[in-house]
Amino acid sequence: MHERSSVTELAESLRVELDRYPVGGKLPSSRALVERHRVSPVTVSRALAQLVAEGLVVTRPGAGAYRAEPRTLTARPGDTSWQEVALSADGATDPAPRAVDAGGVLVSLTAPPTGVIDFSGGYLDPGLRPERAMAAALARAGRRPGAWGSPPVDGLTELRSWFAREIGGTLTAADVLVTAGGQTALTTALRALAAPGAPVLVESPTYTGMLAIARAAGLRPVPVPVDPDGVRPELLARAFRATGARVFVCQPLFQNPTGALLTADRGREVVDIAHSFGAFVVEDDFGRRLVHEDAPALPAPLAADDPDGVVVHVSSLTKATSPSLRVGALAARGPVLERLRAIQVVDSFFVPRPLQETALELVGSPAWSRHLRGVCAELTARRQTLAAAVLRHLPEIALPHIPSGGYHLWLRLPEGAGEAAFLSAALRAGVAVTPGRPYFSAEPPAAHIRLSFAGVAGRTEITEGVRRLRTALDEVLG
């Protein structure tokens, strides 16, 4: 039996057995529990630790485990209604609302009910994660001298150097800050580059998490349409001119959600346009390690050829590994780097050193390149399976672009199929999909959904999920 499920089952069994013991009564020894439940000593230790964390059991070194005193909650019910006035009054004079809507982000972070095929996930399925390599890297990292000490606030020099080499060009470790994943890096960048109330240009549609960051910071996202080759330069220039914005945020590779790939020529044009308006480009390079086998040669990051410091580069290891390996990087040239550093230090001091050491061990091992090759092959096969199934079983749904990287497809629903109705019907049919509305900073041109093929268990599940979506679409179209 899998160790994790063994721990869960043993902990549940011990919870039931606790009623047999008086408060303060001693539980059987670890050896007795091993023999009775036929599990390993490690499983017993972890199950008891879980009950200790829940306040049900206390342990005494050298004596054993005992039933804990029940916790009684006798505090009077509180009245928090005053907060509605306080929070509203606090934002009354803000130039832009700061209420945070995390709905679009939570869709990709919340596991659906059991039996539901999950097309809404934002991370690799556990079967695609390099869990054995990460465990080995974590074990080696813990033995490194100073692994549990304070790291440099900018991050470990070796890790910053690795990120700099990955970005390319003339960037060095001195241009890089290690961050707690890409989301934190984007938050730091937007706080550094735009004041509350300022406009910020964004792709349309665009990553929901970035829109949430911008709105939480009191910024005003202004949409700039994209096509399969990325953001449209003539519309970008027009938006800079009309708004006076000083920031444009983009995802050049396998854009979320459209899958667009910004061509090298357009990329240079985007940087030149931003430079001419005295503006920054925030480059969210989340998808570079999620390339597919049939992808063309990828353009270099915008930051690689940017001696004038127009581009603030964001990258992360998280998407290609595990949601819990939250290690990323911010790269920039010029005075803006000091502002980025200052905000990061104030917000979080530094990224925990054991996590940085683990990342170093992982990317420096032979397992890293093998893992990336395996992910590349599997994502390619999954994309092909999903695209073929959609074209075959859902011909009414438009699939305008099949990406050569990333982990999702962007689909336009047919006339008469509203997003809310379709999502509800899909869930009844046993499928979770991501609505398109949260990806637009203004009114969307049509109803869309996003289907992720990275978080499902495999290709068989992908095919079954699309069959269920056929049922849902038939229900909605009547």
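Q: What share of the contacts with a separation of 6 or more is between residues 24 or more positions apart?
A: In this predicted model, such pairs make up 75% of those contacts in the protein chain.

Q: And how many helices and strands are there in the chain?
A: The protein chain has 16 helices and 15 strands.

Q: What does the C-alpha trace span along its principal axes?
A: About 75 × 60 × 55 Å.

Q: What about burial and surface: what percentage of the residues count as buried, out of 478?
A: 50% of them. The chain exposes about 22,400 Å², and 55% of that comes from carbon and sulfur atoms.

Q: Charges next. How many positive and negative side chains?
A: There are 50 positive and 48 negative ones. The centres of the two sets are 5 Å apart.

Q: On to sheets. What is the strand order in the open sheet of 8 strands?
A: The order is β4-β11-β10-β9-β8-β5-β6-β7, with mixed pairing. The edge strands are β4 (176-179) and β7 (230-231), and each of them pairs on one side only.

Q: Which way do β4 and β11 run, parallel or antiparallel?
A: Antiparallel. T179 has G328 in β11 as its bridge partner.

Q: And β8 with β9, parallel or antiparallel?
A: Parallel, over 4 bridges. β8 spans residues 247-250. V247 stands opposite F280 in β9.

Q: How many residues of β9 are buried?
A: 4 of its 5 residues, so strand β9 (residues 280-284) is mostly covered, where buried means under 20% relative accessible area.

Q: Now the open sheet of 3 strands. What's the order there?
A: β12-β15-β14, and the pairing is antiparallel. β12 (408-412) and β14 (434-435) are the edge strands, each pairing on one side only.

Q: How many bridges join β12 to β15?
A: 5 bridges. Strand β15 is residues 448-452. H408 stands opposite S452 in β15.

Q: Switching to single residues. Where does R383 sit?
A: R383 is in helix α14, which covers residues 366-393.

Q: Is that arginine, R383, buried or exposed?
A: Buried: the relative accessible area of R383 is 6%. That falls in the buried class because the cut-off is under 20%.

Q: What is R383 in contact with, leaving aside neighbours within four places in sequence?
A: H292, D294, I402, P403, S404, L409 and F453.

Q: One more residue. Which helix holds A472?
A: Helix α16, residues 459-477. A472 is buried, with a relative accessible area of 0%.

Q: What does A472 contact, again leaving out neighbours within four places in sequence?
A: F422, A425, A426 and A429.

Q: And how are A472 and G430 placed: what separates their C-alpha atoms?
A: 9.2 Å. A472 and G430 are 42 residues apart along the chain.

Key:
Residues are numbered from 1 along each chain as its sequence is written. This is a predicted model: local features need pLDDT of at least 70, side-chain atom pairs count only at pLDDT 80 or more; totals for chains, interfaces and linings use all residues. Side-chain values use heavy atoms; hydrogens and water are left out. Helices (H or I, at least four residues) and strands (E, at least two) are DSSP runs, numbered from the N terminus. Buried means under 20% relative accessible area, exposed over 50%, partly exposed in between (1.4 Å probe, protein chains only). Contact means heavy atoms within 4.5 Å. Accessible areas come from the Shrake-Rupley method with a 1.4 Å probe; for residues, only the protein chains shown count as cover. Lys and Arg count as positive and Asp and Glu as negative; His and the chain ends are not counted. The place of a charge is taken as NZ of Lys, CZ of Arg, CG of Asp or CD of Glu. Two strands pair if DSSP finds at least two bridges between them.
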